[in-house]
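Please have the sequence and the structure open beside you as I speak.

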Amino acid sequence: MTAPTTLTSRPVRAYAGYLFDLDGTIYLGDELLPGAADLVHGLREAGRETLFLSNNPTKNPQMYADKLTRLGLPTPVNRIVNPLVTIVAWLRKEAPGAGVFVIGEEPLQEAIRSAGFRLTEDPREIDVVVASYDRHFDYRKLQIAFDALWQHRRARLVATNPDAYCPMPMGRGEPDAAAVIAAIEACTGVRCEANVGKPAGVMLQTALDVLGLPGQDCVMVGDRLQTDIAMAVDAGIDSALVLTGEATVEMAGLLPPERQPTLVLPRIDALLEPFRTS
Ligand SMILES: [Mg+2]
């Protein structure tokens, strides 16, 4: 008897496009997870598209492309989508020409600046406050956001991602964008109007646009129910939960049937099943 490749009764189907979360799905820290290399190489050999999604706004897509390449999965930079990509897409659509105050790290500031937006710390000129994961967050930045949102009442508040904390090796973590959003909302009474990281639809749509594929031909693969799987379910596309990161079978079982992932996989390479020749 062979070990089951999925914990769901549905067969694994072949898709044209595969959207992968990174941490807990493709790698943990600096190590590829079991089966990840075989899977990505196998899908590419079968002519399938692969794209990688991260909610981390402290790194630019090139840093992820370099890391994947270093780990043996050479990936072009346009196959990485993270909040640096989606915040620029959001600003172009919702706030063209805006003066932007970024509470975030240098790669995020650079992405917005190089997209042609003016970065400003003058509350009278700020149209959009972008709240993000910022390890240099301080009272001065909070005051600028407060002045723009509460005193001048002209700015809009948006966030790169909704994560409470970023998991780190050895059971550590770092406060993420949710802490910065909460600080600004608490003092201004202004609610953050948009988040451009998972599970927001803009993240998924940006990825599908890059691949030029409709959602029904793609699957979203990830280890977190509230971000990776929720985003796919909200958009009505198939999803695969891998048990190599945060979520467990028991956690998935607590969801109502309509919020359940399409597939539950102990190992990510179960997705290769339709391509295996017997
Ligand atoms: Mg993950």
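This is a predicted model: local features need pLDDT of at least 70, side-chain atom pairs count only at pLDDT 80 or more; totals for chains, interfaces and linings use all residues.

Let me begin with Val-233, which counts as buried because it has 20 C-beta neighbours inside 10 Å; by the definition used here, a residue is buried if 20 or more other C-beta atoms lie within 10 Å of its own, exposed if 12 or fewer, and partly exposed in between, with C-beta atoms placed from the backbone. Residues are numbered from 1 along each chain as its sequence is written.

Val-233 has its place in helix α8, where helices (H or I, at least four residues) and strands (E, at least two) are DSSP runs numbered from the N terminus. Which residues is Val-233 in contact with, leaving aside its neighbours within four places in sequence? They are Ser-239 and Arg-259, a contact being two residues whose C-beta atoms, placed from the backbone, lie within 7 Å. Arg-259 is 26 residues from Val-233 along the chain, and their C-alpha atoms are separated by 6.2 Å.

From there we can turn to the strands around this helix. β13, α8 and β14 make a right-handed β-α-β unit, and right-handed here means that, with the strands pointing away from the viewer, the path from the first strand over the helix to the second runs clockwise. Strand β13 (residues 218–222) runs parallel to β14 and is joined to it by 4 bridges, with Val-221 standing opposite Ala-240; two strands are said to pair if DSSP finds at least two bridges between them. β14 also pairs in the parallel sense with strand β15 (residues 263–265), over 3 bridges, and there the bridge partner of Leu-241 is Val-264. Since 4 of the 5 residues of β14 (residues 238–242) are buried, this strand is largely enclosed by the rest of the structure.

Of the 5 residues of β4 (residues 49–53), 4 are buried, so β4 is largely enclosed by the rest of the structure. Strand β1 (residues 17–21) runs parallel to β4, joined by 5 bridges, and Tyr-18 has Thr-50 as its bridge partner in β4. Strand β5 (residues 80–81) is likewise parallel to β4, through 2 bridges, and Leu-53 stands opposite Val-81 in β5. Between β4 and β5 the chain passes through helix α2 (residues 61–70), and this β-α-β crossover is right-handed.

Next comes the open sheet of 5 strands, in the order β7-β6-β8-β9-β12 and with parallel pairing. β7 and β12 (194–195) stand at the edges with a single partner strand each, so one side of each is left without a neighbour in the sheet. Further in, β6 and strand β8 (residues 128–131) run parallel and are joined by 4 bridges, Phe-101 having Val-129 as its bridge partner in β8.

Helix α4 (residues 106–114) has Leu-108, Ala-111 and Ile-112 as its buried residues. These cover an arc of only 90 degrees around the axis, which puts them on the same side of α4; the arc is that of the directions from the helix axis to the C-beta atoms. What covers them includes α3 (83–94), β6 (99–103) and β7 (118–119), whereas the face turned away from the buried side carries the exposed residues Glu-106 and Ser-114. After α4 comes Gly-116, whose phi is positive, near 100 degrees.

Finally, the whole chain. The protein is divided into domain 1 (17–55 + 200–275) and domain 2 (84–195), with bounds that come from an automatic or database domain assignment. Their contact takes 6 residues from domain 1 and 8 residues from domain 2, and the domain centres, taken over C-alpha atoms, are 28 Å apart.

Which residues touch the most other members of the largest nonpolar core? Among its 79 residues they are Val-129 and Ala-131, where such a core is a set of buried Ala, Val, Leu, Ile, Met, Phe, Trp, Tyr and Cys residues joined through C-beta atoms within 7 Å. The largest share of this core, 6 residues, comes from helix α8 (residues 225–235). Both domain 1 and domain 2 give residues to this core, so it lies between them.
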